[in-house]
Amino acid sequence: MSKKTLLSKQSVARNRPEKGRPLLREMFRFLTSVSFKVLILIAGMASVSFMFIYLYKCLINSPYLRLEYIQISGTDEVIKNELIEISGLNEGVSLLTINPNRIKVKMEQHPWVRTVQLEKRFPHTLIVKAEKESPRALVVFDSLCYMNRWGTVFKEVEQGDDVDYPVITGVSKVDDDAGKKLAMAAAILDGFESETGWLSLDDISEIHVNDGGDALIYSMSMPVAVRMGADNLEKGKSRLKKLVAHLKGSNMIDTIKVIDMNYLDGAVVSFKKQDSLISSLAEGEATAGL
């Protein structure tokens, strides 16, 4: 038997390619392609970012966008210079680098500034519109403080400051309702803003806020205290004027200590010679004497 015949009868194991290799090769090619595209995309984005950063640096260093003018309105020259110092603004910085919100917060920390609005006006100007605080009264805390027309305490009174304002007493910093009391005092002052003569803003010397939600209003022109709250103030003022006119006509005004207006249909009058209330005048009775 020939050698060729013997070999043909034997089973010979041949090396065959594994079925999984083509799939792995395809996955490898796909991942390689995707990774290459991603790298190209990242490189492109990085290039664009670097380009923008370069352009931004060029812009902020450009003399064509430098701050040259700071226009501040609503304040005097002293406060204007203090606002510039507080904010850290100086000519020569780029208008692009100025953060209006941050500058606003800094400027509104000034005790005489209530609010600030800023506007960039390219290429060289920053517009600042400031609203200056205006005192409406003095509040007696541990020290004397200014209060604005909204009932907000904004500054301690210093030597040389104007103190020709009504004084608010009966309020403590530690009171839970201190803000409510000051708001009521401010509302009472607003209610008498249009008055002239007795109980005008120039005539009111003190408002003593009571815990019961009303206040005693003291006048400089007449030794009479008026007790009332901020509710229905216009109606209360009308009744008060009629009652005071009646008391003056009866020559009784100089004997009055307190006029309590916290009654819907009239008032209670307390006389100086007695500690207790000795007379009650209804609204009809007060107006009847006119």
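Strands β2 and β3 run antiparallel and are joined by eight bridges. The structure described here is a predicted model. For the protein chain, the mean pLDDT is 84, and 82% of the residues reach 70 or more.

Helix α3 spans residues 77–87, and its buried residues include I79, L83 and S87. When α3 is viewed down its axis, the buried residues fall within an arc of 65°, so they line one face of the helix. An α-helix has 3.6 residues a turn, so residues three or four places apart point the same way. The exposed residues E77, V78 and E85 are carried on the face of α3 turned away from the buried side. Packing of the buried residues of α3 involves the paired strands β2 (113–121) and β3 (125–132), together with β1 (69–73) and α4 (100–107).

Both ends of α3 were also examined. After α3 comes G88, which has a positive phi, near 75°.

Confidence is under 50 in pLDDT over residues 275–290. For residues 275–290, the model has 32 contacts beyond four places in sequence.

Definitions and conventions. Residues are numbered from 1 along each chain as its sequence is written. This is a predicted model: local features need pLDDT of at least 70, side-chain atom pairs count only at pLDDT 80 or more; totals for chains, interfaces and linings use all residues. Side-chain values use heavy atoms; hydrogens and water are left out. Buried means under 20% relative accessible area, exposed over 50%, partly exposed in between (1.4 Å probe, protein chains only). Helices (H or I, at least four residues) and strands (E, at least two) are DSSP runs, numbered from the N terminus. The arc is that of the directions from the helix axis to the C-beta atoms. Contact means heavy atoms within 4.5 Å. Two strands pair if DSSP finds at least two bridges between them. pLDDT is the predictor's confidence in each residue, from 0 to 100.
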